[in-house]
Amino acid sequence: MGFWEFLTKKRYFGSVLFDWKEPWCYRCRLQGDLWTRLAIVLGMWAAASGLLLFFFVFNTQPNNVILALLLGVGFGLGPGFLFVMNRRDLTGGSITIKPDEILRYRSYVSLSSIGGWCCR
């Protein structure tokens, strides 16, 4: 066991029978709508970038297209990802099976809060 593995390995009191971490977008892949959700997020990015390009046309010194696309990431892609892909019921987490209980921990981030909960 290397030093980095020693630092990042979870520590438990008592015995752990099984420990598993769900992969990224696991719940969306189970539902079969991952590509639809990604298309919605990219559409929100395109809408925000298009709106910014529309506003840049009326500017006396028009900015370039790259700036509108980069600002579209902040105003469209980021919030769109949080609303569509990272909702509370869709986030992955870690599952720990102990001899007397099953622990499922999930964490999520939204525009208004950062949260996490553990179900026993």
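Val 16 sits in the loop between helix H1 (3-8) and strand S1 (18-21). The model is predicted, so local features need pLDDT of at least 70 and side-chain atom pairs count only at pLDDT 80 or more, while totals for chains, interfaces and linings use all residues. Residues are numbered from 1 along each chain as its sequence is written, and side-chain values use heavy atoms, with hydrogens and water left out.

Stay with Val 16 for a moment. Its relative accessibility is 27%, so Val 16 counts as partly exposed. The scale is this: buried means under 20% relative accessible area, exposed means over 50%, and partly exposed lies in between (1.4 Å probe, protein chains only). Which residues does Val 16 contact, once neighbours within four places in sequence are left aside? They are Thr 96, Ile 97 and Lys 98. A contact means heavy atoms within 4.5 Å. Ile 102 is 86 residues from Val 16 in sequence, yet the two C-alpha atoms are 9.9 Å apart.

Now look from the other side. Ile 97 belongs to strand S2. Ile 97 and Val 16 are 81 residues apart in sequence, and their C-alpha atoms are 6.2 Å apart. Leaving aside neighbours within four places in sequence, Ile 97 contacts Val 16, Leu 17, Phe 18 and Ile 102. Its relative accessibility is 28%, so Ile 97 is partly exposed.

Step back to the whole chain. The protein has four helices and four strands. From the N terminus, the order is α-β-α-α-α-β-β-β. There are 120 residues, and buried ones make up 27% of them. Take the contacts between residues at least 6 apart in sequence: 50% of these join residues at least 24 apart.

The helices come next. Ser 49 is part of helix H3 (residues 34-57). Is Ser 49 buried or exposed? Its relative accessibility is 4%, so Ser 49 counts as buried. Beyond residues up to four places away in sequence, Ser 49 touches Ala 68, Leu 69 and Gly 72. Helix H4 (residues 65-84) holds Leu 71. Leu 71 contacts Leu 52 and Phe 56, leaving aside neighbours within four places in sequence. Leu 71 and Leu 52 are 19 residues apart in sequence and 7.8 Å apart in space, C-alpha to C-alpha. With a relative accessible area of 31%, Leu 71 is partly exposed.

Then there is the nonpolar core. Such a core is a set of buried Ala, Val, Leu, Ile, Met, Phe, Trp, Tyr and Cys residues joined through side-chain atoms within 4.5 Å. The largest one has seven residues: Cys 25, Cys 28, Leu 34, Val 41, Val 84, Met 85 and Leu 90. What does Val 84 touch, not counting residues up to four places away in sequence? Val 84 touches Arg 37, Ile 40, Val 41, Met 44 and Leu 90.

Aromatic rings give another set of landmarks. A pair of aromatic rings is described by the distance of the centres and the angle of the planes. Rings of Phe, Tyr and Trp (its six-membered ring) pair if their centres lie within 6.5 Å; planes under 30 degrees apart count as stacked, over 60 as edge-to-face and the rest as tilted. A search of the whole structure finds two aromatic pairs. Trp 20 and Tyr 26 form an edge-to-face pair, 5.6 Å centre to centre with 85° between the planes. Phe 54 and Phe 55 have ring centres 6.0 Å apart and planes at 55°, so this pair is tilted. Trp 20 is partly exposed at 32% relative accessibility, and Tyr 26 is partly exposed at 26%. Phe 54 is partly exposed with a relative accessible area of 45%, and Phe 55 is partly exposed at 49% relative accessibility.

The tour ends at the largest pocket. On a 1 Å grid over the protein atoms alone, a pocket is an open set of points where a 1.4 Å probe fits, with protein on both sides within 12 Å along at least five of seven lines; lining residues have an atom within 4 Å of a point. The largest pocket has a volume of about 280 Å³. That volume is the space filled by probe spheres set on the points, which are joined across faces, edges and corners. The lining has 16 residues, and Lys 21, Thr 91, Gly 92, Gly 93 and Ser 107 lie nearest the centre. Strand S2 (93-97) and strand S3 (102-109) each supply at least two residues of this lining. By type, the lining residues are seven nonpolar, six polar and three charged. Here Ala, Val, Leu, Ile, Met, Phe, Trp, Tyr, Cys and Pro count as nonpolar, Asp, Glu, Lys and Arg as charged, and the others, Gly among them, as polar.
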